[in-house]
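The tour below goes from one selection to the next.

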Amino acid sequence: MLGYDELLDRAFTMLPKLSEDKSDFKIPEAESLIQGSKTIVKNIAQISDAARRDKADIIKYLTKELASPISTDGNMLSISARVQPGALNDKVRRYFETYIICKECHKSDTKVADTQRGYIVIVCEACGAIYTVKNYQ
Ligand SMILES: [Zn+2]
């Protein structure tokens, strides 16, 4: 038999991390294919539009995370490594969860207000939250 406090704890832990009623934002999926020793990402513009960040910013993040050089050609990225779609989308998801989706209100209306040594200051235009996250550069 569980006590009331334990039931409350359990109810909280069962809440989804990003609740659907607060935000209809969907993290975009990277469309990629492996060609020889390279991985081509076909929809970087769609991802950067959803993030409201420069393509260059996302490329910098992926270059660091994947430890591989990345070149661009319009809407396509060419990663100098074989990256499975699941592994690539894990990185994209983490990018959005860390840098794009507001920690307070879970909306995606954030922008980079400042870059300090080792940290980025994120401001949420939806709820006004201001917080820092570790920089990836
Ligand atoms: Zn917010």
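How many helices and strands are there in the chain? There are 4 helices and 7 strands, where helices (H or I, at least four residues) and strands (E, at least two) are DSSP runs numbered from the N terminus. This is a predicted model, in which local features need pLDDT of at least 70, side-chain atom pairs count only at pLDDT 80 or more, and totals for chains, interfaces and linings use all residues. Residues are numbered from 1 along each chain as its sequence is written.

**Whole chain.** Colour by secondary structure and read along the sequence: the pattern is α-β-β-α-α-β-β-α-β-β-β. Of the 137 residues, 18% count as buried. A residue is buried if 20 or more other C-beta atoms lie within 10 Å of its own, exposed if 12 or fewer, and partly exposed in between, with C-beta atoms placed from the backbone.

**Select 44-51.** Just after the helix, Arg-52 has a positive phi of about 55°.

**Select Ile-47, Ile-58, Val-92, Tyr-95, Phe-96 and Ile-100.** In the largest nonpolar core, which has 21 residues, these touch the most other members. A nonpolar core is a set of buried Ala, Val, Leu, Ile, Met, Phe, Trp, Tyr and Cys residues joined through C-beta atoms within 7 Å. Helix α4 gives the most, with 6 residues. Domain 1 (24-100) and domain 2 (102-137) both contribute residues, so the core lies between them; the domain bounds come from an automatic or database domain assignment. Now centre on Tyr-95: leaving aside neighbours within four places in sequence, Tyr-95 is in contact with Ile-58, Tyr-61 and Ile-100. Contact here means that the C-beta atoms of two residues, placed from the backbone, lie within 7 Å.

Strand β3 (residues 70-73) and β4 run antiparallel, joined by 4 bridges; two strands pair if DSSP finds at least two bridges between them. Asp-73 stands opposite Met-76 in β4. The two strands form a hairpin with 2 residues between them, and Gly-74 in the turn has a positive phi of about 65°.

**Select Arg-82.** Arg-82 is in the loop between β4 (76-79) and α4 (85-100). Is Arg-82 buried or partly exposed? Arg-82 counts as partly exposed because it has 13 C-beta neighbours inside 10 Å. Not counting residues up to four places away in sequence, Arg-82 touches Ile-34, Ser-37 and Thr-39. The C-alpha atoms of Arg-82 and Lys-38 are 5.4 Å apart, although 44 residues separate the two along the chain.

An open sheet of 3 strands has the order β5-β6-β7, with antiparallel pairing. At its edges stand β5 (110-116) and β7 (130-134), each with a single partner strand, so one side of each has no neighbour in the sheet. Strand β5 pairs with β6 (residues 119-124) over 6 bridges, and Gln-116 stands opposite Tyr-119 in β6.
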